[in-house]
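Welcome! Here is a short tour of a structure that may be new to you. Take a look at it first, then read on.

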Amino acid sequence: AGARARGGPRPQPALPGGPARLAAAGLALPAGIESLPPLGYRDFLGLWSQATLVLTDSGGLQEETTALGVPCLTLRETTERPITVECGSNQLVGTDPDRILAAAGQILESESPRPSPRQFQVPPRLPLWDGHASERILSALLDRSPRMRG
């Protein structure tokens with residue numbers, strides 16, 4: 001699994017204007033990184049659901065990789081999604097290249113088909129990730145607003 005993942009494609013969905021900004025700065029994506037046009041949400045999730053590893057600074061993607069069971073390295077020192085770190089699906093690695101490469105290497109060298117820094121197991125239901133958020137929000141609003149109660 002590690003060799004396949006290491007030698008496989010590494011798609012990088014582009015932000016609008018991203019490739020032009022790279023070119024203007026005299027930079028290019030490294031060999032083996034494939035630039036994709038910006039993706040719609042479904043295509044984006046489809047891509048990440050097949051990933052061996054995701055590197056990001058996006059809080060939303062930290063949650064989505066957790067739900068998808070895909071290991072995530074977050075290129076920041078803090079996260080507004082601490083549950084993703086607590087369950088082990090996400091590791092904060094900061095912006096130090098050596099730290100990022102070491103964490104990515106550990107995941108990619110693993111023999112597990114879906115490895116992670118702590119061999120995480122996403123619980124069947126993380127607290128509050130049960131599909132009932134809108135019901136809890138409505139209940140809280142009704143409890144706090146006499147006019148909404150009817």
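On one side of helix α6, Asp98, Leu101 and Ala102 are exposed, where exposed means over 50% relative accessible area, buried under 20% and partly exposed in between (1.4 Å probe, protein chains only). This is a predicted model, in which local features need pLDDT of at least 70 and side-chain atom pairs count only at pLDDT 80 or more, while totals for chains, interfaces and linings use all residues. Residues are numbered from 1 along each chain as its sequence is written, and side-chain values use heavy atoms, leaving out hydrogens and water.

**Helix α6**
- Ile100, Ala103, Ala104, Ile107 and Leu108 of α6 are buried.
- They cover an arc of only 130° around the axis (taken from the directions from the helix axis to the C-beta atoms), which puts them on the same side of α6.

**The sheet**
- Strands β3, β4 and β5 form an open sheet in the order β3-β4-β5, with parallel pairing; strands (E, at least two residues) and helices (H or I, at least four) are DSSP runs numbered from the N terminus, and two strands pair if DSSP finds at least two bridges between them.
- β3 (54-56) and β5 (90-92) are at the edges with a single partner strand each, so one side of each has no neighbour in the sheet.
- Strand β4 (residues 72-74) is joined to the parallel β5 by 3 bridges, and leucine 73 is opposite glutamine 91 in β5.

**Cysteines**
- Cysteine 72 is buried, at 0% relative accessible area, and cysteine 87 also counts as buried, at 16%.
- The whole structure has 0 disulfides (pairs of cysteine sulfur atoms within 2.5 Å).
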